[in-house]
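Please look over the sequence and the three-dimensional structure below before reading the report.

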Amino acid sequence: PTITEPDRPVPWPGVREGLRLNNVAFHYTDGVPVLHGIDIEVPAGHTVGIVGSTGAGKSTILNLLLRFRDPISGAVTVDGVDLRDLSLKELRTRIGLVLQDVHLFPGTVLDNLGGDPERSRSALDFLGVDTPLDRVLREGGAGLSRGERQLLTFARALVDDPAILVLDEATSAIDPATEARLQEALERLQAGRTTVIVAHRLSTVRHCERIYVLAEGRVREFGNHDELLAKGGVYAALSQLQAGVAA
């Protein structure tokens, strides 16, 4: 209820420069900071990863990008326009969101993709999903594999042709064969879009052009996968830890 529409919304500026978190601080409870002066840049048309262990602040950043929450200080901007100055509907229509937790509603595939047959069929075809629009789904997508359910959420994000894509562990808990198929679909989904990938697993972000590593609500380091491994810092330690768990 604290997230309100601006009195005079600024027109959507487009995404020619990109997204920025400028010195963003946030807390859920007074005196218990979650983010401390975060600076993150997502250039237009590029893919940026945000990683860190549980409690690092990744989910909070996702909430700020979609304006489910507002910063305590600093600003989240798109092409220099503060998200608080944009219409909520305008902002959220421009962002495609794919979550780790997949939820499909009882009804047809078309119902789950928003009801527009042309857009829905186009999204499915673009992702290589051969599913009839009149296929009836049960609550939660029961009867579909995890990969099939996730592909439908990719299509749902694509239907409105969003300028910005936000992915939250979108390929988690998937077997390697299915993950390869999902990764191919994701690459199609990301093409030409400004994309933020929030992840715990480093395999999800290793292809990103830039990766921000969070620890205790601060950006500890950033760079691409190889640069971060070479630094021997937090990212390298996480990589070794996850490699050990996988082994």
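The paragraphs that follow take up the nonpolar cores, a glycine, a pocket and a sheet.

This is a predicted model, in which local features need pLDDT of at least 70 and side-chain atom pairs count only at pLDDT 80 or more, while totals for chains, interfaces and linings use all residues. Residues are numbered from 1 along each chain as its sequence is written, and side-chain values use heavy atoms, with hydrogens and water left out.

Helices (H or I, at least four residues) and strands (E, at least two) are DSSP runs, numbered from the N terminus. A nonpolar core is a set of buried Ala, Val, Leu, Ile, Met, Phe, Trp, Tyr and Cys residues joined through side-chain atoms within 4.5 Å, where buried means under 20% relative accessible area (1.4 Å probe, protein chains only).

| Core | Residues | Among its members |
|---|---|---|
| Largest nonpolar core | 38 residues | Val51, Leu124, Leu127, Phe154, Val205, Tyr235 |

Gly57 is found in the loop between β3 (47–51) and α1 (58–65), and it counts as buried because its relative accessibility is 7%. Not counting residues up to four places away in sequence, Gly57 touches Leu35 and Leu214. Gly57 and Val198 are 141 residues apart in sequence, and their C-alpha atoms are 10 Å apart in space.

About 320 Å³ of space lies in the largest pocket. A pocket is, on a 1 Å grid over the protein atoms alone, an open set of points where a 1.4 Å probe fits, with protein on both sides within 12 Å along at least five of seven lines, and its lining residues have an atom within 4 Å of a point. Here 17 residues form the lining, of which Ile95, Gly96, Leu97, Arg156 and Ala157 lie nearest the centre, and β6 gives the most, with four residues.

Finally, an open sheet of four strands has the order β2-β1-β4-β5, with antiparallel pairing; two strands pair if DSSP finds at least two bridges between them. Because β2 (32–43) and β5 (81–82) each have a single partner strand, one side of each is left without a neighbour in the sheet.

Technical notes: Buried means under 20% relative accessible area, exposed over 50%, partly exposed in between (1.4 Å probe, protein chains only). Contact means heavy atoms within 4.5 Å. Grid points are joined across faces, edges and corners, and a volume is the space filled by probe spheres set on the points.
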